[in-house]
Amino acid sequence: MPRRPGRAAAKRAAAKLENTPKTLEEMEDEVMPDADASDVEPQVEPEEQDNEESDAPEEHQDSDVPSAKTPSPPPQPVIRRRRLGRPPKNRPPDWDTLPIETPQRDPNDPPRRRGRGGWRGRGGRKGASYQPTQQSIDKEGNMVDIIDDEVALPEDAEGETKVDKNGNLQGGREYRCRTFTVAGRGDRLYMLSTEPARCVGFRDSYLFFTKHKRLYKIIVDDDEKRDMIDREIIPHSYKGRAIGIVTARSVFREFGALIIVGGKKVIDDYEVAKARAEGVVEGEIADPNDKFVEGEEYNKNQYVAWHGASAVYHSGAPSVPMPNGKVDIKKRRVNVTDVNWQFEHAREASRFNAEIGAIRRFNLSGVYDVHTNMMQVPATMQPTQARFEQIADSAAPSESARFPPLDPKIPRNFKVIDTIMETPPAGLSSAIYEQRDVPSFLAEFQGLGAVSKDILDELPDECRDAFIKAVEQERDWKSHWGPESTMAHRRPPIIDAAIVPYSRM
């Protein structure tokens with residue numbers, strides 16, 4: 001059996017842990033006595049002696065002599081406690097035979113219920129409200145103190161003349177949202193967080209506070225909420241909701257003229273120096289979409305949820321205001337009934353025709369092809385035939401107002417080409433002027449001229465005369481167009497054998 005460390009090892013470890021090390025002067029050499037060779041006995045170190053002493057009882061235990069030690073008590077039975085959940089996968093051999101201990105409970109205690117426990121979630125325990133003392137105001141995480149329910153920011157000297165410490169506007173200015181005081185918070189003016197959010201273009205207060213970190217959101221407690229319900233600031237149905245408010249002064253400092261009725265930039269802004277540094281036009285209306293009439297009472301209920309402001313959630317408007325300040329509201333779907341279905345169908349058909357007509361007119365000027373780097377023009381805008389006519393005397397009188405006679409100097413020094421677009425007459429078959437890839441055995445059967453005389457004889461006299469007139473019209477149209485050698489003034493190229501020494505076949 002391996003030796004166990006004894007007291008000597010513990011003494012050495014304690015000596016190493018001493019704070020003051022010994023110097024050479026303090027240490028003395030031990031005197032070694034002389035010994036005879038016959039008297040030499042093996043010296044046993046203290047550690048070995050301790051180990052031998054510790055091993056001695058084990059040797060006595062192995063022998064038949066009874067040990068002087070007290071015998072160990074018999075093992076006590078293990079009582080398995082009942083616990084929740086499924087049993088372990090690797091059970092001990094005696095798992096099923098172990099007795100189960102029933103937990104001792106006071107019969108007067110209320111019964112325990114399963115679940116997460118009480119009062120978890122946003123607010124922690126009921127009645128306990130946490131009021132932070134600092135808040136981050138930018139993405140870098142710079143913390144600023146919260147004083148009087150708003151973030152303590154540097155003040156603008158000119159802006160302080162437009163609002164006091166409680167949020168009351170000066171100079172005849174008026175908020176676009178409702179303001180009120182809160183019980184227990186003095187004469188400071190507050191706003192429901194949803195109302196200024198909708199006023200500046202946000203759909204809800206979450207994005208309102210997320211985008212503008214210099215605003216501090218306050219959650220009112222039950223007493224304050226009950227007082228607001230009694231004063232009809234919020235409806236009674238809101239008693240179970242978390243109501244967020246914000247100070248009116250902080251909203252004015254953040255948005256300036258945008259939160260003022262008929263607000264004008266720089267004039268009604270709080271941060272005047274910053275606005276002028278950014279080049280804002282002074283006197284410009286902050287919100288051109290705001291409807292107000294001077295001399296009449298402004299409608300502040302248009303931003304109240306229970307007065308119809310919550311319809312913004314169903315209008316398809318963006319959650320965040322557009323950069324240019326305009327909100328693009330999509331057209332809502334019309335409910336088609338048995339009364340208006342004809343009108344709605346006719347209006348949608350007219351709208352669709354107008355859209356495809358605009359697309360076709362746009363395509364007439366050509367469509368750019370990214371693969372060939374060319375403008376692709378529709379086939380209906382391409383000519384099917386072309387002929388060239390040379391005018392002998394360009395100075396001769398002309399009946400056309402578009403192509404007046406030219407001075408003889410111009411055609412003598414320049415090449416003048418007048419392009420005239422000619423459309424086929426009405427009633428002419430498209431097979432006459434359209435370029436189609438048809439087999440050679442069907443080339444003779446294009447147009448009315450391919451009708452045989454036997455079929456023509458079967459027609460009545462009136463029909464035969466109309467048919468003959470249409471055939472003559474086709475022949476007259478075809479006579480205007482011929483091969484390129486005659487109509488396009490093209491001739492085979494003249495090849496000079498001295499320049500291009502090709503062998504003539």
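Trainee: Of the contacts in the protein with a separation of 6 or more, what percentage comes from residues 24 or more positions apart?

Mentor: Such residues account for 52% of those contacts, where contact means heavy atoms within 4.5 Å. Please note that this is a predicted model, in which local features need pLDDT of at least 70 and side-chain atom pairs count only at pLDDT 80 or more, while totals for chains, interfaces and linings use all residues. Residues are numbered from 1 along each chain as its sequence is written, and side-chain values use heavy atoms, with hydrogens and water left out.

Trainee: How many helices and strands are there in the protein?

Mentor: The protein has 13 helices and ten strands. These are DSSP runs numbered from the N terminus: helices are H or I of at least four residues, and strands are E of at least two.

Trainee: What share of the residues is buried?

Mentor: Of the 505 residues, 21% are buried. Buried means under 20% relative accessible area, exposed over 50%, and partly exposed in between, with a 1.4 Å probe and protein chains only.

Trainee: And what does the accessible surface come to?

Mentor: The total is about 40700 Å², and carbon and sulfur atoms hold 52% of it. Accessible areas come from the Shrake-Rupley method with a 1.4 Å probe; for residues, only the protein chains shown count as cover.

Trainee: Let us change topic to salt bridges. How many does the structure hold?

Mentor: There are 26 salt bridges, each being a side-chain nitrogen of Lys or Arg within 4 Å of a carboxyl oxygen of Asp or Glu. One of them joins E271 to R214, with the closest N and O atoms 3.2 Å apart.

Trainee: Where in the chain do E271 and R214 lie?

Mentor: They link distant parts of the chain, 57 residues apart. E271 is in the loop between α6 (248–255) and α7 (272–277), and R214 is in the loop between α4 (205–211) and β7 (218–219).

Trainee: Why does E271 count as partly exposed?

Mentor: Because its relative accessibility is 23%. R214 is also partly exposed, at 22%. E271 forms a salt bridge with K274 as well, at 3.8 Å between the closest N and O atoms.

Trainee: Which helix holds R351 and E348?

Mentor: Both lie in α8 (residues 341–363), three residues apart, about one turn of the helix. R351 is partly exposed at 38% relative accessibility, and E348 is partly exposed at 30%. Elsewhere, salt bridges that share partners join D148, D149, R185, R188 and E224 into one network.

Trainee: Now the sheets. In what order do β6, β7 and β8 stand?

Mentor: The order is β6-β8-β7, in an open, antiparallel sheet. The edge strands are β6 (190–192) and β7, each pairing on one side only; two strands pair if DSSP finds at least two bridges between them. Three bridges connect β6 with β8 (residues 244–247), and L192 stands opposite I245 in β8.

Trainee: Which helix lies across β6 and β8?

Mentor: That is α6, running at about 70 degrees to β8. Axes are lines fitted to C-alpha atoms, for helices over the stretch in contact, and angles run from 0 to 180 degrees between N-to-C directions.

Trainee: What about the sheet with β3, β4 and β5?

Mentor: That open sheet is antiparallel, in the order β3-β4-β5. β3 (134–136) and β5 (150–151) each have a single partner strand, so one side of each is left without a neighbour in the sheet. Two bridges join β4 (residues 143–147) to β5, and I147 has E150 in β5 as its bridge partner.
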